Amino acid sequence: MTQIYIVRHGQTDWNVAGRLQGSSNTSLNDTGREQARNAASTLGAAVREGVVVVSSPLDRTRETADIISAQWGCEVHTDQRLVERDYGPWEGLTADEREKLDPLQHKEWRAGREPEYEGYENHASVGARMVEGILDWVSRVPDDLLIVTHGSSARMAILHLLELEVAGRRVGNLENAAWSRLVQPEGGGWSLDRHNIGA
């Protein structure tokens, strides 16, 4: 039975400040590195031998993947399809700053709906590329696949794999360095059997 582990990167200084990171290339802070080491411990007890690790190429995910995979001594592959959503002009801004910039769009965002402004990558686009990337790797991996990605892209991947409505918050966000597991019994669809482990 195929098992997919989806892991969010550890904490960054922008997480602490409440700034949207998106496609911006931020790095882990010391807390984030400790979180990644803790995730390595819980994942080490769960994944099967021969796990394949694939990461978004951004620094915060790649370092998280390196810390986790060090326990198995395995190579970390990168895939551009696993990067975070592009938030365009909202990247780097706090909630207060986003609200001042565009109160109406920020209100839509807070209500769980999608904002509409140039540069924002919508749910459908994020979900499509995430699922394409993950299923491409699933087709090449005989057992466990460990995906290291970002908060919004992880949520879109899970919702799309489960074929759930993406509007609103049907599945909660992964916390920093927390993980979820999806399984696919022979001939069946995907099932979420663990979520937000380590939060």
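This is a predicted model: local features need pLDDT of at least 70, side-chain atom pairs count only at pLDDT 80 or more; totals for chains, interfaces and linings use all residues.
Me: Which elements give two or more residues to the largest nonpolar core?
Reply: The largest nonpolar core has 27 residues. Those with the most contacts inside it are Ile-4, Ile-6, Ile-134, Leu-145, Ile-147 and Leu-182. The elements that give two or more residues to this core are strand S1 (2-8), strand S2 (52-55), helix H6 (123-138), strand S4 (144-149) and helix H7 (151-161).

Me: With which residues is Ile-4 in contact, leaving aside its neighbours within four places in sequence?
Reply: Ile-4 is among the residues with the most contacts inside the largest nonpolar core. Contact here means heavy atoms within 4.5 Å. Leaving aside neighbours within four places in sequence, the partners of Ile-4 are Ile-134, Val-138, Leu-145, Ile-147, Leu-161, Ser-180, Arg-181, Leu-182 and Trp-190.

Me: Why are the buried residues of H3 on the same side of the helix?
Reply: In helix H3 (residues 59-69), the buried residues are Arg-60, Thr-61, Thr-64, Ala-65, Ile-68 and Ser-69. They are on the same side of H3 because the arc they cover around the axis is only 150 degrees.

Me: What covers the buried residues of H3?
Reply: The buried residues of H3 include Ala-65 and Ile-68. Their cover includes S1, helix H2 (30-44), S2, strand S3 (76-78) and S4.

Me: Is Arg-62 buried, partly exposed or exposed?
Reply: Arg-62 is found in helix H3. Not counting residues up to four places away in sequence, Arg-62 touches Ser-55, Ser-56, Pro-57, Val-76 and Thr-78. Buried requires under 20% relative accessible area and exposed over 50%. The relative accessible area of Arg-62 is 30%, so Arg-62 is partly exposed.

Me: Which residues does the face of H5 turned away from its buried side carry?
Reply: Helix H5 (residues 103-110) has the buried residues Gln-105, His-106 and Trp-109. These cover an arc of only 100 degrees around the axis, so they are on the same side of H5. What covers them includes helix H4 (95-101). The face turned away carries the exposed residues Pro-103, Leu-104, Lys-107 and Arg-110.

Me: Is Ala-177 buried or exposed?
Reply: Ala-177 is not a glycine, yet its phi is positive at about 65 degrees. Its place is in the loop between H7 and S5. The relative accessibility of Ala-177 is 5%, so Ala-177 counts as buried.

Me: What volume does the largest cavity have?
Reply: The count comes to one cavity of 30 Å³ or more. The volume of the largest cavity is about 50 Å³.

Me: Is His-123 buried or exposed?
Reply: Not counting residues up to four places away in sequence, His-123 touches Arg-85, Glu-114, Met-156, His-160 and Val-166. Its relative accessibility is 6%, so His-123 counts as buried.

Me: Which element supplies the largest share of the lining of the largest pocket?
Reply: The largest pocket has a volume of about 480 Å³ and is lined by 23 residues, with Arg-8, Leu-20, Tyr-87, Ser-152 and Asn-173 nearest its centre. By class, the lining has five nonpolar, 10 polar and eight charged residues. Helix H1 (13-17) and H7 each supply at least two of the lining residues. The largest share, three residues, comes from H7.

Technical notes. Residues are numbered from 1 along each chain as its sequence is written. Side-chain values use heavy atoms; hydrogens and water are left out. A nonpolar core is a set of buried Ala, Val, Leu, Ile, Met, Phe, Trp, Tyr and Cys residues joined through side-chain atoms within 4.5 Å. Buried means under 20% relative accessible area, exposed over 50%, partly exposed in between (1.4 Å probe, protein chains only). Helices (H or I, at least four residues) and strands (E, at least two) are DSSP runs, numbered from the N terminus. On a 1 Å grid over the protein atoms alone, a cavity is a set of points where a 1.4 Å probe fits but cannot get out, and a pocket is an open set with protein on both sides within 12 Å along at least five of seven lines; lining residues have an atom within 4 Å of a point. Grid points are joined across faces, edges and corners, and a volume is the space filled by probe spheres set on the points. Ala, Val, Leu, Ile, Met, Phe, Trp, Tyr, Cys and Pro count as nonpolar, Asp, Glu, Lys and Arg as charged, and the others, Gly among them, as polar. The arc is that of the directions from the helix axis to the C-beta atoms.
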